[in-house]
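I opened a new page for this chain.

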Amino acid sequence: MPRKVVQHVVIFKLENFSNEQLELAVKQTAAMAESIPGILAASFAQNADADLYDTYRPYTGGFTHTLLVTFTDAQALKAYDTHPVHLELGKMVIPLMKEAIATDTVVDTFPDLPS
């Protein structure tokens with residue numbers, strides 16, 4: 001049965017972000033999902049390039065990476081905002097950030113995830 005969730009999306013333009021730094025950011029994002037109450041799912045990844053499939057045309061506008069976090073509700077998003085594990089991810093990413101766009105969306109028809 002579908003449920004209502006809050007999705008937090010941050011799209012970054014990161015400069016000089018190495019594969020090692022990406023691995024650390026991915027691990028830190030997983031730590032967020034495990035330690036911050038109310039996170040249903042979280043991912044940090046490099047944006048797809050022209051090799052995703054043969055006719056794929058990326059519309060990234062130069063943005064290189066995306067953080068996607070799905071929360072149970074707005075209160076969980078609020079708690080995440082100042083949580084130390086989230087702030088640690090910021091310490092990894094912000095120094096290399098040229099630009100970012102963030103948005104929060106309420107999704108009324110999110111599919112139920114297995115526990």
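**Entry 1: Thr64**

Where does Thr64 lie? I found Thr64 in the loop between β2 and β3.

Next I listed what Thr64 touches, leaving out residues up to four places away in sequence. The list is Phe12, Lys13, Leu14, Ala45, Gln46 and Asn47. I then took the C-alpha separation from Thr64 to Gln46. The value is 5.9 Å, for two residues 18 places apart along the chain.

I checked polar atoms too. The side chain of Thr64 has a polar atom 3.0 Å from the backbone nitrogen of Leu14. I also noted a side-chain to side-chain polar contact between Thr64 and His65, at 2.7 Å.

**Entry 2: Lys13**

Lys13 was on the Thr64 contact list, and I followed it up. Lys13 belongs to strand β1. Setting aside neighbours within four places in sequence, I get contacts from Lys13 to Gly61, Gly62, Phe63, Thr64, Leu96, Met97, Lys98 and Glu99. A polar atom of the Lys13 side chain sits 3.4 Å from the backbone oxygen of Gly61.

**Entry 3: the sheet**

I moved from residues to strands. In what order do the four strands of the open sheet run? I read β2-β3-β1-β4, with antiparallel pairing. At the edges are β2 (39-46) and β4 (97-110), and each of these pairs on one side only. On average, neighbouring strands are turned by 10° against each other, direction ignored.

I then went through the pairs.

- β1 (residues 3-14) and β3 (residues 65-71) run antiparallel, joined by seven bridges.
- β2 and β3 also run antiparallel, with seven bridges between them.
- β1 and β4 pair in the antiparallel sense over eleven bridges.

I wrote down some of the facing residues. Ile11 stands opposite Thr66 in β3. Thr66 is also the bridge partner of Ala45. Phe12 is opposite His65 in β3. Val6 faces Phe71 in β3, and Val6 also faces Val106 in β4.

I looked at cover for β3. Five of the seven residues of β3 are buried, and I logged the strand as mostly covered.

**Entry 4: helix α1**

Which strands does helix α1 touch? I found that α1 (residues 19-35) packs on the sheet and touches β2 and β3. The direction of α1 makes about 175° with that of β2.

I picked out Leu24, which has its place in α1. Leu24 is at 42% relative accessibility, so I logged it as partly exposed.

**Entry 5: helix α3**

I asked which residues of helix α3 (residues 84-93) are buried. They are Val85, His86, Leu89, Gly90 and Val93. Seen down the axis of α3, these buried residues fall within an arc of 155°, so they line one face of the helix. On the face turned away from that buried side I noted the exposed residues Pro84 and Lys91.

What do the buried residues of α3 pack against? I listed β1, α1, β2, β3, α2 (74-81) and β4.

**Entry 6: confidence**

The mean pLDDT of the chain is 91. I see 97% of its residues at 70 or more. Among the elements, β4 has the lowest mean pLDDT, at 92. The highest belongs to α2, at 97. Where pLDDT is low, the predicted coordinates should not be read in detail.

Key. Residues are numbered from 1 along each chain as its sequence is written. This is a predicted model: local features need pLDDT of at least 70, side-chain atom pairs count only at pLDDT 80 or more; totals for chains, interfaces and linings use all residues. Side-chain values use heavy atoms; hydrogens and water are left out. Two strands pair if DSSP finds at least two bridges between them. Helices (H or I, at least four residues) and strands (E, at least two) are DSSP runs, numbered from the N terminus. Axes are lines fitted to C-alpha atoms, for helices over the stretch in contact, and angles run from 0 to 180 degrees between N-to-C directions. Contact means heavy atoms within 4.5 Å. Buried means under 20% relative accessible area, exposed over 50%, partly exposed in between (1.4 Å probe, protein chains only). The arc is that of the directions from the helix axis to the C-beta atoms. A polar contact is a pair of N or O atoms within 3.5 Å; within protein, one must be able to donate a hydrogen and the other to accept it, and residues adjacent in sequence count only if both atoms are side-chain atoms. pLDDT is the predictor's confidence in each residue, from 0 to 100.
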